[in-house]
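Subject: Structure handover

Hello,

Here is the structure for your files. My notes on it follow below.

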Amino acid sequence: MKTFRFLLTFALLLTSMSACCEKKSASANENEVIQTIMERRSIRKYAPQAVSKDTMEIILDCGINAPNAMNRQSWEIRVIEMAKHPEFVEALPKGIFRGAPTMVFVANETANRFSQVDCGLLGENMILAAQSMGIGSVVLGGPAAMIAENPELKPLLETLDFSQGYQLLYCIGFGQALESPDAKPRMKEKYRFID
Ligand SMILES: Cc1cc2nc3c(=O)[nH]c(=O)nc-3n(C[C@H](O)[C@H](O)[C@H](O)COP(=O)(O)O)c2cc1C
């Protein structure tokens, strides 16, 4: 009798465990945050209209709510509508901004050891917030490096007007996507569980 009760309890436990795991994987598929993360792709074709200021403000607020070292918020952010500042497109190689109508420039605090991490997390929050609202984005290192490193492009840096001690790190283009690229392959061997 005792053995029977033990087996019954064990069988019930196994059934409830497998039901729990199925529920977990089913809910991961339905989880909107996970869907947003998995559906986001870099967009390199945009409609010409800039993202509205109200929407950009939501995106920026999500950005500055990212975790950051000791809450020092070691970033500075500048937003421009590219149509209002043609000098950016004109001064750099054609297509380097990927046609994005709204550009967010992010500068890191050079004296802060974790600032680049802070700025990266800020950007990820922004692009995921944008994706969740149906707005496409592309992170751009190329144009930021050119602007930061080329003395001839100093007037562009002056327009951005970052504070002393901050350096342009990267930018992110936002806008209405005109393409929906497939996910590029990811290397699962890059992560490993250490038992
Ligand atoms: C730091 C950084 C710099 C990047 N610079 C550029 C860039 O200059 N031009 C560009 O078209 N894409 C750029 N990308 C986008 C990557 O190419 C893209 O994220 C990567 O190929 C993965 O594709 P996915 O974003 O569609 O998943 C950059 C991304 C990061 C994170």
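**Salt bridges**

Arg78 and Glu76 form a salt bridge, with their closest N and O atoms 3.1 Å apart. A salt bridge here is a side-chain nitrogen of Lys or Arg within 4 Å of a carboxyl oxygen of Asp or Glu. By this rule the count is 2 salt bridges. The other pair is Lys84 with Glu81, where the closest N and O atoms are 3.4 Å apart.

Before the rest, a note on the source: this is a predicted model, in which local features need pLDDT of at least 70 and side-chain atom pairs count only at pLDDT 80 or more, while totals for chains, interfaces and linings use all residues. Residues are numbered from 1 along each chain as its sequence is written, and side-chain values use heavy atoms, with hydrogens and water left out.

For burial, I use relative accessible area: buried is under 20%, exposed is over 50%, and partly exposed lies in between (1.4 Å probe, protein chains only). On that scale Arg78 is partly exposed at 23%, while Glu76 is buried at 15%.

**Overall layout**

The chain has 7 helices and 4 strands. Helices (H or I, at least four residues) and strands (E, at least two) are DSSP runs, numbered from the N terminus. Read from that end, the elements run α-α-α-β-α-β-α-β-α-α-β. Of the 195 residues in the chain, 32% are buried.

**Aromatic pairs**

A search of the whole structure gives 2 aromatic pairs. Rings of Phe, Tyr and Trp (its six-membered ring) pair if their centres lie within 6.5 Å; planes under 30 degrees apart count as stacked, over 60 as edge-to-face, and the rest as tilted.

Phe88 and Phe105 have ring centres 5.3 Å apart and planes at 40°, so this pair is tilted. Because Phe88 lies in helix α4 and Phe105 in strand β2, the pair ties together parts that are 17 residues apart in sequence. Phe88 is buried, at 0% relative accessible area, and Phe105 is buried with a value of 0%.

Tyr191 and Phe193 have ring centres 6.1 Å apart and planes at 80°, so this pair is edge-to-face. Tyr191 is partly exposed at 46%, and Phe193 is exposed at 70%.

**Surface patches**

Patches are made of residues with over 30% relative accessible area and no salt bridge; like charges are joined within 9 Å, and nonpolar side chains (Val, Leu, Ile, Met, Phe, Trp, Tyr) within 5 Å. Accessible areas come from the Shrake-Rupley method with a 1.4 Å probe, and for residues only the protein chains shown count as cover.

A nonpolar patch on the surface is formed by Val33, Ile34, Ile37 and Met38, which together have about 380 Å² of accessible area. Of these residues, Ile34 lies in helix α2 (residues 32-39) and is partly exposed at 37%.

A patch of positive charge on the surface gathers Arg44, Arg98, Lys184 and Arg186. Lys and Arg count as positive and Asp and Glu as negative, with His and the chain ends not counted. The place of a charge is taken as NZ of Lys, CZ of Arg, CG of Asp or CD of Glu.

**Backbone**

Which residue of the positive patch also has a positive phi? Arg98 does: its phi is near 60°, a positive value in a residue other than glycine. Arg98 sits in the loop between α4 (86-91) and β2 (102-109), and is partly exposed at 36%. Asn71 also has a positive phi, near 50°, and is again a residue other than glycine. Asn71 is found in the loop between α3 (53-64) and β1 (75-81). For context, most residues other than glycine have a negative phi.

How far apart are the C-alpha atoms of Tyr166 and Ser74? They are separated by 8.7 Å, with the two residues 92 residues apart along the chain. Tyr166 belongs to strand β4 (residues 166-175) and is partly exposed, with 22% relative accessibility.

Regards
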